[in-house]
Amino acid sequence: MAVTISMGSGKGGTGKTTLLCNLALLLAKKGKKVCLVDLDIGGADIHLLFGLFEPKHSLTDFLNRKVDSLTEVVHTFYSFYGLQIIPGTGSTLQTANMSFQEKQRLLRAISALDADVILMDVGAGTSYHALDFFMFSDIQLCVTMPEPTSIIDLYSFLQLATIRKVLGSFLTNSEVGHMLRKHTFSTLTEVFELAEKTQEGAKAKAQRSLHYFHPLLVINRDTPNARVNKTKLKQLVAKYLGIDIPQLGEIPEDAAIQDALRAYMPVCELSPEAPAAIAIIRIADKIEKLIGLFGDRSHNSTS
Ligand SMILES: Nc1ncnc2c1ncn2[C@@H]1O[C@H](COP(=O)(O)OP(=O)(O)OP(=O)(O)O)[C@@H](O)[C@H]1O
Ligand SMILES: [Mg+2]
């Protein structure tokens, strides 16, 4: 079974796709069997970053049941260390309103892919799709830029993701689960309060469901005077969501990223000496170690 990694942000344009494409390439270069899945419904562009303009198949074919198996829509880049991608889908009524069953079918198929590592780009925003895809994985990465608006958007994203995680920890037919699903919440504190009011001890149970949720933070397009905002995000998350958000790395603003975009090649391959590439390579090394902690789940690994 593969180790799954998802990438979310809240705000658009923070660098999720750029970072994921580079990480996928670096992990493939290290000898891992990697599949990069574009779950950014409506904004799918991973294939373009690798210069693949007209993929033969995409996720749409799987969702429309044009193909029977998700493996049929996998595209392999032999020139990029055998990296596999699943090109994403445009926004159609069918994908935007994907049912619970359809989503489960998709996630089951993703889990069953023959890979060591599966990376998922969940796109921007806080739709249920984005939140569910994000929370589905073993390792969650989140990216923000140092600007206050980007940080607040990431905080909102994490707030909604944690609310959804907590709601999912109570069975629909339990007293607390039934009560929570009748309400809409904008803060985690509201969820905890209603849970405890409905049943004593439910708050502690809700908090336990977040025990293993430690999304890893990447600051992208970093500048030297951005320190204050980063500290603020960590404080907000610790105080109101009760979770720790370890920092995985910082990627500087770097024109080499744009050059790589124009060359249809990940920056780590085109200009490995560029400051942004060096930072991403460091992040990939840390992620490789983390993947190693999942032990024999990545049994296909050749490295
Ligand atoms: N460190 C960086 N330095 C300079 N430019 C960057 C950096 N990181 C990303 N960019 C640029 O920012 C833009 C947005 O990046 P990207 O598409 O990866 O973001 P995204 O989070 O996937 O966006 P969306 O939410 O729309 O999917 C791109 O033009 C990319 O080249
Ligand atoms: Mg993107």
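A residue is called buried under 20% relative accessible area, exposed over 50% and partly exposed in between, with a 1.4 Å probe and protein chains only. The model shown is predicted: local features need pLDDT of at least 70, side-chain atom pairs count only at pLDDT 80 or more, and totals for chains, interfaces and linings use all residues. Residues are numbered from 1 along each chain as its sequence is written, and side-chain values use heavy atoms, with hydrogens and water left out.

View 1. A disulfide is a pair of cysteine sulfur atoms within 2.5 Å, and the whole structure contains zero. Cys21 counts as buried because its relative accessibility is 2%.

**View 2. The residues around ligand 1.** The shell holds 18 residues, the closest being Gly15, Lys16, Thr17, Thr18 and Asn220; a residue belongs if one of its heavy atoms lies within 4 Å of the ligand. By class, five are nonpolar, eight polar and five charged, with Gly counted as polar.

**View 3. Side chains in polar contact with ligand 1.** A polar contact with the ligand is a pair of N or O atoms within 3.5 Å. Oxygen atoms of ligand 1 lie 2.8 Å from a side-chain N or O atom of Lys16, 3.0 Å from one of Arg221 and 3.2 Å from a polar side-chain atom of Gln258. Alone, ligand 1 exposes 640 Å², of which the protein buries 83%, by the Shrake-Rupley method with a 1.4 Å probe.

Conventions. Chains are lettered from A and ligands numbered from 1 in the order in which they are written. A polar contact is a pair of N or O atoms within 3.5 Å; within protein, one must be able to donate a hydrogen and the other to accept it, and residues adjacent in sequence count only if both atoms are side-chain atoms.
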